[in-house]
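Open the model in a viewer and keep the selection tool at hand. The stops below go from overall confidence to single contacts.

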Amino acid sequence: MPDTPPEKTPLRFKGKVITDELAGSITRVEELAYILKISDVMTHQVKTLRPQDTMRNVMDALREYRISGVPIVDEAKNLIGLVSTEDLIKCLANQDIDKCVLEYMTHDLVTVNSFDHLTEALKLFAKTKLGRLPVISEKGELAGILTKGDVTSGILRALEHEYQEEEVRKYRASHLFEDIESSRTSLILRYDIQRYNFTDGGAASSNIKRALVRLGANPQLARRVGIAIYEAEMNLIIHTTKGGSIHVEIEPNQISAYIWDEGPGIKDVNLAMQPGYSTATEEIRELGFGAGMGLFNISRCVDEMNLKSDFGKGTHLTLKFFLKGEDIMGDGHSNLKEDGNDA
Amino acid sequence: MSDVLASIQPDAVLLTGLCNPQVVRTAQMSDVAAIVFVRGKKPPEETIELADAEGIPLITSPFGMFELSGRLFLAGLPSLERPITN
């Protein structure tokens, strides 16, 4: 946002240079004004009248549809003008109710394009003090009407939609453990990892991290688990002969990850654990991997690590994360001081 | 990439010359706020798509790694790298 020219910024920033500080205070609503199109929020079904109609028709329409203005369109749906309540009052004052709408309608209209972002309309509302803007489609036809009320309810709808989607997911997931009763409840996520599949590399750990966040894990825990499993996943992709598997078992008070493959195995586990030691090829290094930090990184992220490898047979890696206090999962975000004995 | 995972703090901006999707994955794992590609590099479509899906902003800078780092540092940007200790 900092480089956005002033005329393209939300109204309350108008004429100001957008500093980082200001950019940081741009709200989600202001952002939405740049995301939503006018066609997303406008009123589509608009009562219109024809040029041959009379002001009496306007009065009837305003009464019947409880609206405050009527657009006048020709046969091709092109907008010719608009009769507002104010125009009708003028007409009534002249006792001219049976005159043609063409006599009283406003000709020079400020319009907006249906494909423009909401922010364009907001600028016009502020500049013109108008209450409604006719919306013109790409074909040049009248597509709808936009009032300030449409803008408000459109933004509220968008906010509600975004909020609900993620909240519903989080709520469902975070209550999983307390909603299901068993002697010991756990959730197991299984992933098959293919050798040299760099396109999907990291997809498993990414999904695991997302699952943990939805289950109510705090960001630090999700990060630790995510990094450790990502390193292990990349090891399966880079170093194995046939790929491998990742199983993650999530329990309210601990997370276990089992990562194994069927070869080639590690010659010297102690050496492999040393920071900077790597057997990766030049090709792998060019992709940004093979710095020799993987296993060392894993060890820094986990509470327990067990690495067993038989050269020629394969490697088994077990990782454990112990959850304490507020890290405990499935309590629906509440801060359980004590775990209780329900696990 | 492992160095990033090992040493970067959450909400940091990652400057890199690598453009593959793994950069985005790495960024996502280490809670990086945004990725800046140096030397005017434009990442491939799959990198952009992944960044879009994960909500991580991508920025391209015409400067090289050294000059960009220097400019940002002089402008008062602190380092969010922490030393790797066992």
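The tour covers confidence, the interface, a helix pair and a sheet.

This is a predicted model, in which local features need pLDDT of at least 70, side-chain atom pairs count only at pLDDT 80 or more, and totals for chains, interfaces and linings use all residues. Residues are numbered from 1 along each chain as its sequence is written, while chains are lettered from A and ligands numbered from 1 in the order in which they are written.

**Confidence**

Colour by pLDDT, the predictor's confidence in each residue, from 0 to 100. Chain A has a mean of 84, with 88% of its residues at 70 or more. Select residues 1-10 of chain A: pLDDT is below 50 there, and the stretch has 16 contacts in the model beyond near neighbours in sequence. A contact means that two C-beta atoms, placed from the backbone, lie within 7 Å. Residues 332-343 of chain A are also below 50, with 15 such contacts.

Chain B averages 88, and 97% of the residues score at least 70. Its lowest confidence is in helix H1 (residues 2-7), at a mean of 77, and its highest in strand E2 (residues 34-37), at 95. Helices (H or I, at least four residues) and strands (E, at least two) are DSSP runs, numbered from the N terminus. For the complex, the predictor gives an ipTM of 0.80 and a pTM of 0.62.

**Interface**

Show both chains: 21 residues of chain A are in contact with 17 residues of chain B. On the chain A side, helices H10 (203-214), H11 (219-239) and H14 (294-301) each supply at least two residues. H11(A) gives the most, with 6 residues.

**Helix pair**

Which residues of H4(A) meet H5(A)? Select H4 (residues 55-65) and H5 (residues 85-93) of chain A, whose axes come within 11 Å and cross at roughly 130°. Axes are lines fitted to C-alpha atoms, for helices over the stretch in contact, and angles run from 0 to 180 degrees between N-to-C directions. A:Met55, A:Val58, A:Met59 and A:Leu62 in H4(A) meet A:Thr85, A:Leu88 and A:Cys91 in H5(A).

**Sheet**

Finally, select the open sheet of 3 strands in chain A, ordered E3-E4-E5 with mixed pairing; strands pair if DSSP finds at least two bridges between them. E3 (112-113) and E5 (142-147) of chain A are the edge strands, each pairing on one side only. E3(A) runs parallel to E4 (residues 132-136) of chain A, joined by 2 bridges. A:Val112 has A:Val135 in E4(A) as its bridge partner.
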